[in-house]
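Subject: Handover of a structure with its ligand

Dear colleague,

Please find below the structure that I am handing over to you.

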Amino acid sequence: MEDVLPRRAAQLLGDARRVVVFTGAGISAESGVPTFRDDLTGLWARFDAQRLATAEAFHADPDLVWGWYEWRRSRVRRAEPHAGHRAIAAIEARVPGSTVITQNVDDLHERAGTRAAIHLHGSLFTPRCVAAAHPATFEDRHDGDATQPPEGRRIPPPRCASCMALVRPGVVWFGEALPEAALTAAVEAAAACDVFLTVGTSGVVYPAAEIPRIAARAGAAVIQINPEPTPLDQICAINLRGTAAQVLPALVAAAWKATDER
Ligand code: BV8
């Protein structure tokens, strides 16, 4: 592991033909969307995210869990992507062999211009029914609802228009399998890349946390951007101790400057 100036990181990124950018909740923090572990406030403060983000919790109390996701969705809709999200979209646009993989369920990558983010854990914006996974649409009963109490509230989930079953969030809960196509694509990209940028993840939730480790084992240069140490430190070639919105734009600018000057 080497704590170096972004110079070497910029050179590696500038020379890379196949780049993977792997993001976690930390990249949404500077957009005002709390990280997964900081996310439980108000009504949900007494819960542990890993217990609330489960099918069991939803079936035990659908209104509580649906209310949590609607609260999170409304907060994402009020958030804006930052320069770090845009730097990732710039990497995707400039490097044909690049792949963006996210554990996040928000749409900030897409709103910053990333065209094909792989969502390992689904999305807040793709609800489906519990019976047959029929896609559901939001009635947006609560969007822009300025009267919504600051801590959010319990909200009864809608019913499926096709089969009347309960509608659930389109996310992967703890104990649920990840979407097979997304996981396969992520593993293949990690196993074939030259540079693997991991941004804003604590690297503790599996199987997603295995992706950076697959890249390291395959010989990629793993570069981590995180203000804090994580379990991924020991597999990183370079650790850039800083935030996504600060480090990513500087790293990408330095990378393209280095290659354009050659
Ligand atoms: C499964 C969607 C089996 C929902 C999420 C032991 C070993 C291996 C596995 C397990 C095990 N025990 C239990 C398991 C299984 C479990 C698991 O891994 N548990 C962990 C806790 C040990 N995994 C599962 O259940 C998975 N499924 O295994 O299924 C199976 C197989 C076949 C058939 C049936 C079943 C499913 C896991 C997916 C769960 N869903 N999200 C929702 O969002 O509500 S996970 C959720 O938590 C996120 O998506 C994300 O993946 C994870 C949080 O991690 P991070 O993104 O890293 O966020 P975190 O808050 O932790 O950290 C933020 C980081 O950002 C920090 O490092 C911080 O320093 C940094 N940061 C802060 N600010 C900034 C910043 N960085 C940069 N800039 C900043 N400004």
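The notes that follow take up the ligand, the sheet and some points of backbone geometry. Please bear in mind that this is a predicted model.

The ligand

A shell of 35 residues surrounds the ligand, and the closest of them are Tyr 69, Val 172, Gly 175, Ser 202 and Tyr 206.

At Ala 25, a polar backbone atom is 2.8 Å from an oxygen atom of the ligand. The backbone of Gln 103 likewise places an N or O atom 2.8 Å from a ligand oxygen. Glu 30 contributes through its side chain, where a polar atom lies 2.9 Å from a nitrogen atom of the ligand. The ligand taken alone would expose 1,500 Å², of which the protein buries 72%. Two or more residues of the shell come from each of the elements α2 (26-29) and α5 (62-78).

The sheet

The model contains an open sheet of 6 strands, with parallel pairing and the order β3-β2-β1-β6-β7-β8. At its edges are β3 (118-119) and β8 (238-240), each of which pairs on one side only. Within the sheet, β6 (residues 195-199) runs parallel to β7 (residues 221-225), and 5 bridges join the two strands. In this pair, Val 199 of the model stands opposite Ile 225 in β7.

Backbone geometry

The peptide bond from Tyr 206 to Pro 207 is cis, with an omega near -5°. Pro 207 belongs to the loop between β6 and α9 (210-217). Tyr 206, as noted above, is also among the residues closest to the ligand.

Two residues other than glycine have a positive phi. For Ala 133 the angle is about 55°, and for Met 164 the angle is near 70°. Ala 133 is found in the loop between β4 (122-129) and β5 (167-171), and Met 164 is likewise in the loop between β4 and β5. Are these residues buried, partly exposed or exposed? Ala 133 has a relative accessible area of 42%, and is therefore classed as partly exposed. Met 164 reaches 54% and, because the cut-off for an exposed residue is over 50%, Met 164 counts as exposed.

With kind regards

Conventions:
Residues numbered from 1 in each chain as written. Predicted model: local features only at pLDDT ≥ 70, side-chain atom pairs only at ≥ 80, totals over all residues. Heavy atoms only, no water. Near = heavy atom within 4 Å. Polar contact = N/O pair within 3.5 Å; in protein donor to acceptor, adjacent residues only side chain to side chain. Areas by Shrake-Rupley, 256 points an atom, 1.4 Å probe, with all protein chains shown as cover. Helix = DSSP H or I, 4+ residues; strand = E, 2+ residues; numbered from the N terminus. Pairing = 2+ DSSP bridges. Buried < 20%, exposed > 50% of the residue type's maximum accessible area, 1.4 Å probe, protein only.
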